[in-house]
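Subject: Structure handover

Hello,

Here is the structure you were going to look over. My notes follow below it.

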Amino acid sequence: MTATKKKLVELYTNTLRIRLFEERVWDLFSQNLIPGTVHLYLGQEAVAAGVAGALEKKDWVQSTHRGHGHVIAKGADMKAAMAELMGKRTGSNKGKGGSMHITQFSAGVLGATGVVASGLPIAVGAALSAKMRRSGEIVVCFFGDGASNNGTFGECLNMSSIWKLPVIWVIENNLYAMGTPIKTVCPTTDIARRADGYCIPNVVVNGNDAVEVYEAAAEAASRAREGNGPTVIECKTYRLKGHSRFDPGKYRPEDEVKAWLERDAVATTLQAVIERKGITKLQADAVRVDVQKEVDEAAKYALESPYPDLGETFTSVYTEVR
Ligand SMILES: Cc1ncc(C[n+]2csc(CCOP(=O)(O)OP(=O)(O)O)c2C)c(N)n1
Ligand SMILES: [Mg+2]
């Protein structure tokens with residue numbers, strides 16, 4: 001599916017929005033303004049931007065422990081996302097979710113989770129629900145190369161295939177699960193090939209090019225919406241930093257890091273958008289100014305927001321059963 005000019009601008013803008021958001025999170029974390037830890041999406045921005053570009057507002061996204069980018073790409077409010085990371089009352093989860101449980105249900109985010117591969121069964125349930133309700137909604141489940149070695153991967157791909165569920169399985173293959181290189185734990189370089197065993201159409205794309213990701217996601221979205229079941233999209237990408245904010249990532253060979261820096265997601269996506277005449281260099285500069293302003297305002301809003309009161313400790317933690 002070819003991207004329109006408007007879509008091309010959106011793909012670049014969202015890739016950059018995630019990049020500048022995450023760079024600010026890095027800074028704020030360094031100043032001790034964000035508690036716990038954060039698993040930054042730096043380097044993988046084009047995956048979320050490309051996939052979300054193929055979705056509608058009513059569709060759903062299931063995220064991971066590396067979820068900031070997924071939430072922002074799906075259209076969540078950036079101010080509420082930033083406030084959530086700081087544990088503020090104005091956060092999307094009233095400051096009680098933080099980085100690893102950042103969610104904006106109203107934007108179509110089912111949730112983020114610190115339990116690796118636990119999002120896959122949730123996506124199966126959501127897709128089954130969408131199908132039974134004939135809602136026309138589709139579900140995207142993001143997960144990493146490491147998660148693809150968990151048992152839920154096989155179980156969930158199998159169920160989604162036999163039930164022809166409207167789900168897109170997006171593998172973000174950033175080559176590492178914490179410090180474990182994928183090549184030491186997986187016998188194939190293309191994880192997507194495993195989908196053949198479940199009779200699921202699958203494709204491998206450059207995860208650092210939001211346009212390429214979008215084209216694959218748009219095809220998968222049509223397949224799901226037409227009742228033809230799931231697709232597996234493997235996005236080859238690389239995280240720019242260590243696993244979490246506490247990991248300097250020293251286990252990665254210098255030449256490998258250098259090679260991936262040359263394929264940087266923001267630069268690659270911009271190049272792809274310029275080549276398709278979606279944007280000029282000058283327009284791209286203007287986009288950067290706007291995005292920088294949006295991130296500045298989100299950080300200001302979050303910094304100035306209050307923390308929850310002690311009396312709110314147990315509110316909004318469980319939902320009420322009627
Ligand atoms: C069930 C489970 N096992 C182990 C962990 C510890 N852990 C946290 S992130 C992670 C690596 C996940 O790798 P991958 O799925 O490739 O995602 P990435 O961090 O590369 O985005 C591990 C093993 C966990 N959180 N949950
Ligand atoms: Mg990984």
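Where does Ser-63 lie in the chain? Ser-63 sits in the loop between strand S1 (60–62) and helix H3 (68–73). Please keep in mind that this is a predicted model. With a relative accessible area of 1%, Ser-63 is buried, as the cut-off for that class is under 20%. Its side chain makes a polar contact of 2.8 Å with the side chain of His-70. Beyond its neighbours within four places in sequence, Ser-63 touches His-70, Gly-111, Ala-112, Thr-113 and Phe-142.

Metal site

The magnesium ion (ligand 2) has Asp-145 (OD), Asn-174 (OD1) and Tyr-176 (O) as its protein donors, at 2.1 to 2.2 Å. The spacing of these donor residues in sequence is D-x28-N-x1-Y. Asp-145 belongs to the loop between strand S3 (139–144) and helix H6 (151–162), whereas Tyr-176 is in strand S5 (residues 176–177), 31 residues apart from Asp-145. Asp-145 is buried at 1% relative accessibility, and Tyr-176 is buried at 7%.

Salt bridges

There are 19 salt bridges in the structure. In one of them, the side chains of Glu-45 and Arg-19 meet at 2.5 Å, N to O. This pair links helix H2 (residues 45–52), which holds Glu-45, to helix H1, which holds Arg-19, across 26 residues. Both Glu-45 and Arg-19 are buried.

Another salt bridge joins Arg-225 and Glu-56 at 3.8 Å, N to O.

Within helix H10, Lys-281 and Asp-285 are four residues apart, about one turn of the helix. They form a salt bridge with their closest N and O atoms 3.4 Å apart. Asp-285 is partly exposed, with 38% relative accessibility. Elsewhere, salt bridges with shared partners connect Glu-56, Lys-58, Asp-59 and Arg-225 in one network.

Helix H10

Helix H10 (residues 281–304) has 24 residues, which at 1.5 Å a residue should span 34 Å; the C-alpha atoms at its ends are 35 Å apart, in agreement with that. The buried residues in H10 are Ala-284, Val-287, Val-291, Val-295, Ala-298, Ala-299 and Ala-302. They pack against helix H1 (5–30), helix H4 (78–85) and helix H9 (265–275).

Regards

Notes
Residues numbered from 1 in each chain as written. Chains lettered and ligands numbered in written order. Predicted model: local features only at pLDDT ≥ 70, side-chain atom pairs only at ≥ 80, totals over all residues. Heavy atoms only, no water. Helix = DSSP H or I, 4+ residues; strand = E, 2+ residues; numbered from the N terminus. Buried < 20%, exposed > 50% of the residue type's maximum accessible area, 1.4 Å probe, protein only. Polar contact = N/O pair within 3.5 Å; in protein donor to acceptor, adjacent residues only side chain to side chain. Contact = heavy atoms within 4.5 Å. Expected span 1.5 Å × (residues − 1). Donors = N, O, S within 2.8 Å, 3.2 Å for Na, K, Ca; no water. Salt bridge = Lys/Arg side-chain N within 4 Å of Asp/Glu carboxyl O.
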